[in-house]
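Me: I would like to learn how to read a few features of a model like this one. Can we go through them one at a time?

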Amino acid sequence: MRSPWFTLIVAAALASMSGVAHAQKHARKVDLFTLAPDYAQYGVQSVAFLPVATFDGSLEARRLTEATVGQALRGAGYRWVSPTLAKEWLGRAGGDSLQKALNDQLLRSPRLDSLQAPMFSRIARTRALLTVRVDQFERRELEFNQSGRPATTVSLKAALVDSSGRLLWSAAGSETVEGPFQDPTTNPLGVKSSGLNNMPITGQGGAPTFIEVLNKLLARWAEHFPARPAVAIPAVDR
């Protein structure tokens, strides 16, 4: 016959395991950053933000991400070449094929390596290149008769390399923002025609906008993006 002490020890162990599992289940995803320890020595003063890469070719995802990333990192103090201008220069240098080659490369890896970086740096006329890849861009809406919370998720990867392809900074992370709880038992405000069926108008909020989620994610990234290094002024002999 097992002693009461044995029973208590087993119960405590199970409770501890349950608590760990609960914590892991509800743990928040964290962003991952890297930064070259000698970043200031590279003397980066200008950055070309190349066109954003997407797996599904979504024009909305690319445009919204480019606009929001540019806004979030503007305060770092660099001279920026915008994705729009970079795309124009890429078109002049190699047409659509070069732009497709860039997108295909970023789908394999979110950074440019020593083989591609020198060429793109010459085309963009900068010492450093910022690339961003959209890994997830999704709004999950609920049907009118479902209960729960709609949600929007954005996942991005980014890398900053110098003109030789050396990795200076990188980031990877995601953000999910939920909308208000939807209760299917709420009386509808009206009815709208949708195809062959009539759909109730509930007046309940839907999934958050992509801009809202991007702003939340990139506010964190901006805190970890390196500021432009000060330019060393040579000493003057007196």
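**Rings, pocket and fold**

Reply: Start with the rings: Phe33, Tyr78, Trp80, Trp169, Trp221 and Phe225 form one aromatic cluster. Keep in mind that this is a predicted model.

Me: How many aromatic pairs are there in total?

Reply: Two rings pair when their centres lie within 6.5 Å. By that rule the count is 8 aromatic pairs. One of them joins phenylalanine 137 and phenylalanine 210, with 4.0 Å from centre to centre and 15° between the planes.

Me: What is the geometry of the pair of phenylalanine 137 and phenylalanine 210 called?

Reply: The class follows from the angle, and planes under 30 degrees apart count as stacked. The pair of phenylalanine 137 and phenylalanine 210 is therefore stacked, because its planes are 15° apart.

Me: Where in the chain do these two residues sit?

Reply: Phenylalanine 137 is in strand β5 (residues 128-140), while phenylalanine 210 is in helix α5 (residues 210-224). They are 73 residues apart, and the pair links distant parts of the chain.

Me: Is phenylalanine 137 buried or exposed?

Reply: Buried means under 20% relative accessible area. Phenylalanine 137 has 19% relative accessibility, so it counts as buried.

Me: Which residue lies over the face of tryptophan 89?

Reply: Here the thing to look for is a charged group above a ring. Arginine 125 lies over the face of tryptophan 89, at 4.1 Å from the ring centre.

Me: Next, the pocket. Which residues lie nearest the centre of the largest pocket?

Reply: The largest pocket holds about 240 Å³ of space. Its lining has 14 residues, and Pro51, Val52, Arg62, Gln99 and Asn103 lie nearest the centre. The elements that give two or more residues to this lining are β3 (53-54), α2 (59-73) and α3 (83-108). The largest share, 6 residues, comes from α3.

Me: What classes of residue make up the lining of the largest pocket?

Reply: The lining has 7 nonpolar, 5 polar and 2 charged residues.

Me: Last, the fold. What pattern does the protein follow along the sequence?

Reply: List the elements in order, then look at the contacts. The protein has 5 helices and 9 strands, and the order is α-β-β-β-α-β-α-α-β-β-β-β-β-α. Of the contacts between residues at least 6 apart in sequence, 72% join residues at least 24 apart.

Conventions. Residues numbered from 1 in each chain as written. Predicted model: local features only at pLDDT ≥ 70, side-chain atom pairs only at ≥ 80, totals over all residues. Heavy atoms only, no water. 1 Å grid on protein atoms, 1.4 Å probe; cavity = no way out; pocket = protein on both sides within 12 Å on 5 of 7 lines; lining within 4 Å. Points joined across faces, edges and corners; volume = space filled by probe spheres on them. Helix = DSSP H or I, 4+ residues; strand = E, 2+ residues; numbered from the N terminus. Nonpolar A, V, L, I, M, F, W, Y, C, P; charged D, E, K, R; others polar. Phe/Tyr/Trp six-rings, centres within 6.5 Å; stacked < 30°, edge-to-face > 60°. Buried < 20%, exposed > 50% of the residue type's maximum accessible area, 1.4 Å probe, protein only. Lys NZ or Arg CZ within 6 Å of the ring centre and 35° of its normal. Contact = heavy atoms within 4.5 Å.
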